[in-house]
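Please report on the charged pairs and the nonpolar surface of this protein. Keep it brief and tie each point to its place in the fold.

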Amino acid sequence: MLLAVYFLIALAAVAATALLSDAGVAILILLFFICFIGIVGLHFLVLFVTSRFIDPEHLPEKIKPFHRFLTLSTIGMMLAVMRVRVTVRGKELLPDEPMLFISNHFSVYDPMIAMLHLRKHKLAFVSKKENIQIPMAGRFMLASGCVSLDRSSAKKAALAINKAAENISTGRCSMGIYPEGGTNRDPERVLLRPFKSGSFRLALRSKAPIAIAVMSNTRKINKQLFTHVTMDIIRVISYDEYKDMKTNELSELTYNIMKEWLSR
């Protein structure tokens, strides 16, 4: 959406120039590209400058709307440039309250697409620390509610789970996890990797409804010019339905729901 706005601004500048001067077509086309690239460049300059004021060690209690706006608008621009079209089905199943979002995981684009298209729910993700260490992007991830997961020790992983549960229970944002524990790089051979049951401690601690989703076609984004991605919200499990379960039982339940859908 924002990319379209930038396009229209550049087009308006060219139209104004055409009305006020006798510039030729070639000059007008060149002016359009200069204006458009300049506006997009200004967007990334604002990103860079803003990121300098985000302190990963002292994040505000509430997520700043401006940080979320910059994060999601940049994701939207990226997907638009890559010609990705997204269809979301089952959004009406999602609760109004903060939730735990789980999905299969094919690509680095999965969390970006989910955050953008579920922006009403202020979705953020538990992400491995290597992603959070990406210059500029990592700071905006943290400012948007994402939680860094350090898997080098059980204690550090537990701290991340506690922080994510706090985000949900305080209403700061909804949280997403990929219970497969990583990207499924061979979905043709392995439809769905086994779930890490420990990740469901987040559900039991936050007492949040669990939204189960299935992503399709995201692994093709870098392989073709146009990609149609679908995200299906297939079921929402309330806390009352799983409160007496252990993490391995909850893991098995959600795994079977997701695998049944993928096997159709």
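## Nonpolar patch and salt bridges

Phenylalanine 69 sits in helix H3. The model is a predicted one. Phenylalanine 69 has a relative accessible area of 45%. That value lies between the 20% and 50% cut-offs, so the residue counts as partly exposed.

Phe69 belongs to a nonpolar surface patch of about 810 Å². Two elements give two or more residues each: helix H2 (25-51) and helix H3 (65-81). H2 provides the largest share, with five residues.

Now the charged side chains. Side chains of opposite charge can pair when their charged atoms come close. Across the whole structure, a search finds five salt bridges.

Which parts does the pair of arginine 89 and aspartate 232 tie together? The two side chains meet in a salt bridge at 2.6 Å, N to O. Arginine 89 lies in strand S1 (residues 84-89) and aspartate 232 in strand S7 (residues 227-237), so the bridge ties together parts that are 143 residues apart in sequence. Aspartate 232 is buried, at 5%.

Glutamate 241 bridges to arginine 235, with the closest N and O atoms 3.2 Å apart. Both partners are partly exposed: glutamate 241 at 41%, arginine 235 at 32%. Lysine 243 pairs with aspartate 240, and here the closest N and O atoms are 3.8 Å apart. The limit for a salt bridge is 4 Å, so this pair counts as one. Lysine 243 is partly exposed, with a relative accessible area of 41%. Aspartate 240 is exposed, at 57%.

The table sets out these pairs.

| Salt bridge | N to O distance |
|---|---|
| Arginine 89 and aspartate 232 | 2.6 Å |
| Arginine 235 and glutamate 241 | 3.2 Å |
| Lysine 243 and aspartate 240 | 3.8 Å |

Salt bridges link Lys129, Asp150 and Lys156.

To recap, the nonpolar patch draws two or more residues from each of H2 and H3. The bridge between arginine 89 and aspartate 232 joins strands S1 and S7.

How values were computed
Residues are numbered from 1 along each chain as its sequence is written. This is a predicted model: local features need pLDDT of at least 70, side-chain atom pairs count only at pLDDT 80 or more; totals for chains, interfaces and linings use all residues. Side-chain values use heavy atoms; hydrogens and water are left out. Helices (H or I, at least four residues) and strands (E, at least two) are DSSP runs, numbered from the N terminus. Buried means under 20% relative accessible area, exposed over 50%, partly exposed in between (1.4 Å probe, protein chains only). Patches are made of residues with over 30% relative accessible area and no salt bridge: like charges are joined within 9 Å, nonpolar side chains (Val, Leu, Ile, Met, Phe, Trp, Tyr) within 5 Å. Accessible areas come from the Shrake-Rupley method with a 1.4 Å probe; for residues, only the protein chains shown count as cover.
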